[in-house]
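Student: I am new to this structure and would be grateful for a guided discussion of it. Might we begin with the term on which the later answers rest?

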Amino acid sequence: MQDHHQFAGGFNDAPRDAANAFRAAMTAMARPGDIREIAGAEPPAPLSVAAGTLLLTLCDPDTGIYLAGDTDNPAVRQWLTFHTGAPFVRAADADFAIGRWEDLMPLNAYRIGTPEYPDRSATLIVECDQLEPRGAVLGGPGIRSTAHMSLPDIGALQGNAMLYPLGCDFFFTAGDKVAALPRSTQIKAEV
Amino acid sequence: MSAYNFAYLDEQTKRMIRRAILKGLAVPGYQVPFASREMPMPYGWGTGGVQVSAATLTPEDRLKVIDQGADDTTNAVSIRKFFENTAGVETTEDTSQATIIQTRHRIPEAKLTEDQILVYQVPIPEPLRFLEPRETETRKMHSLEEYGLMHVKLYEDISQHGAISTSYAYPVRVSGRYVMDPSPIPKFDNPKLEMDAIQLFGAGREQRIYAVPPHTKVVSLDFEDYPFEATKADHCCDLCGAEDSYLDEVIMDDAGNRMFVCSDTDYCRSRREAGHIGPMGAEDAA
């Protein structure tokens, strides 16, 4: 990935690759704590395969993207512009935000929707070193009894869940793995 | 089938629908507006379900389509053919073999599994619409969790008929927050809304998508002294003898003869193949 070209690294077969990627993303969002494989895109550094694939699957000229931290570099900008045509925006206007947790914070910078349109909220794609099915205890829609997931900041995510039905939704990505945390999930620190 | 993009819709439309599905899953029961497209079938024929299915299908999926439980009715046959032609996916009538099931007005009798997705065709997604015609008002009512009107409606049922007479599209409360129309499924199916599969709802004409993730708490609205009851015809299936399935009443002649048969044709067929025979089923057993 040294000489990444902005024209390279897209889907080989857009309709089919995007369909498979969306299935992984949807299953992850419907089952918080589930870790799924998602691949198809080869984005420039520092984006992971999973984050790049999510962005190609969900973003287009209708969605503003906020690049946080070192994801905001010319290679990433050119790659996303060529493959999605999505505009780059401030955190406060973003439909999708991408970056490492510490670069994405504070959480109150993002749209949480309105009481009448809670869907008008940001989705954060959080790059992680690894995803593990242990750590915080999750409950709520999509979870049979409880699930476990490694989360970057339990307090901030609990605060987000308390805004329900408003709030942000999260994808966590590492390599070609994705997990999700919708605002509907109740989070407890592991005891 | 290179004349069409995979699953008919263009990619940008699918992305828009996919984003709506994700927000729908994140806020169970909330109706997400989406820019419904014209489809090569009229509104009211499942354009919402078809768009959700098109955005959800992968080439490896096996699709089943039912209309009132039946695989062999016009709507089901034509939607199945549509996706055979435009997505090239395999189709099946066997509930257990399907990965995506698009349905109009029924939930299959067989228990759905983790790996399945149920897509509903929804005519009127707003449960409060017949009580309050203005979208601006119903939206406010949802935002304020103001659902008293729905209970008044159920109460009026009781005061007029002695029981809650709503028998289909019976309102439910999802995950303790949003009141949702489960589409016009019979209330017999309401207890099945808490299931292992992902449920997606698409309303094409009304331009709404909503969703219920697996294992989500779905409660049918009722009163302590008039609890919810999942009712069906007090009969068994005349073909397969099933006591536990939802039944259609079929008029046989003009002399008042009738028979009851499973509305879920696959369930009935598989039971008959397993040797179950109902009161009128002996002569043409499968």
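Tutor: A residue counts as buried under 20% relative accessible area, as exposed over 50%, and as partly exposed in between. Please bear in mind that this is a predicted model.

Student: Is Arg104(B) buried, partly exposed or exposed?

Tutor: Arg104(B) meets Asp67(B) in a salt bridge, at 2.5 Å from N to O. The pair joins distant parts of the chain, with Asp67(B) in strand β2 and Arg104(B) in strand β4 of chain B, 37 residues apart. Asp67(B) is buried, at a relative accessible area of 10%. The relative accessibility of Arg104(B) is 22%, so Arg104(B) counts as partly exposed.

Student: How much area do chain B and chain A bury between them?

Tutor: The size of an interface is often given as the accessible area lost when the parts come together. Here, 42 residues of chain B are in contact with 42 residues of chain A. Of the area buried between the two chains, 59% is on carbon and sulfur atoms, and the total is about 3,500 Å².

Student: Which three residues supply more of the area that chain B buries against chain A than any other three?

Tutor: The area in question is part of what chain B and chain A bury between them, about 3,500 Å². The three residues supply 19% of the area that chain B buries against chain A, and they are Arg19(B), Leu22(B) and Lys23(B).

Student: Which element gives the most to the side of chain B that touches chain A?

Tutor: There are 16 residue pairs in polar contact between chain B and chain A, both residues being at pLDDT 80 or more. The elements that give two or more residues to this side of chain B are α1, β1, α2, α4 and β8 of chain B. With 11 residues, the one that gives the most is α1(B). The residues of this side comprise 21 nonpolar, 8 polar and 13 charged.

Student: How many salt bridges are counted between chain B and chain A?

Tutor: Side chains of opposite charge can pair when their charged atoms come close. One pair is Arg23(A) with Asp61(B), whose closest N and O atoms are 2.5 Å apart. Another is Arg15(B) with Asp60(A), at 3.1 Å from N to O, and both of these residues are buried. Over all chains the count is 37 salt bridges, while between chain B and chain A it is 7.

Student: How many residues does the largest nonpolar core have?

Tutor: In soluble globular proteins, nonpolar side chains tend to be buried together. Residues with the most contacts inside the largest core include Met26(A), Phe171(A) and Phe83(B), and this core has 81 residues.

Conventions. Residues are numbered from 1 along each chain as its sequence is written. Chains are lettered from A and ligands numbered from 1 in the order in which they are written. This is a predicted model: local features need pLDDT of at least 70, side-chain atom pairs count only at pLDDT 80 or more; totals for chains, interfaces and linings use all residues. Side-chain values use heavy atoms; hydrogens and water are left out. Contact means heavy atoms within 4.5 Å. Buried area is the accessible area (1.4 Å probe) that two parts lose on being put together, summed over both. A salt bridge is a side-chain nitrogen of Lys or Arg within 4 Å of a carboxyl oxygen of Asp or Glu. A polar contact is a pair of N or O atoms within 3.5 Å; within protein, one must be able to donate a hydrogen and the other to accept it, and residues adjacent in sequence count only if both atoms are side-chain atoms. Helices (H or I, at least four residues) and strands (E, at least two) are DSSP runs, numbered from the N terminus. Ala, Val, Leu, Ile, Met, Phe, Trp, Tyr, Cys and Pro count as nonpolar, Asp, Glu, Lys and Arg as charged, and the others, Gly among them, as polar. Buried means under 20% relative accessible area, exposed over 50%, partly exposed in between (1.4 Å probe, protein chains only). A nonpolar core is a set of buried Ala, Val, Leu, Ile, Met, Phe, Trp, Tyr and Cys residues joined through side-chain atoms within 4.5 Å.
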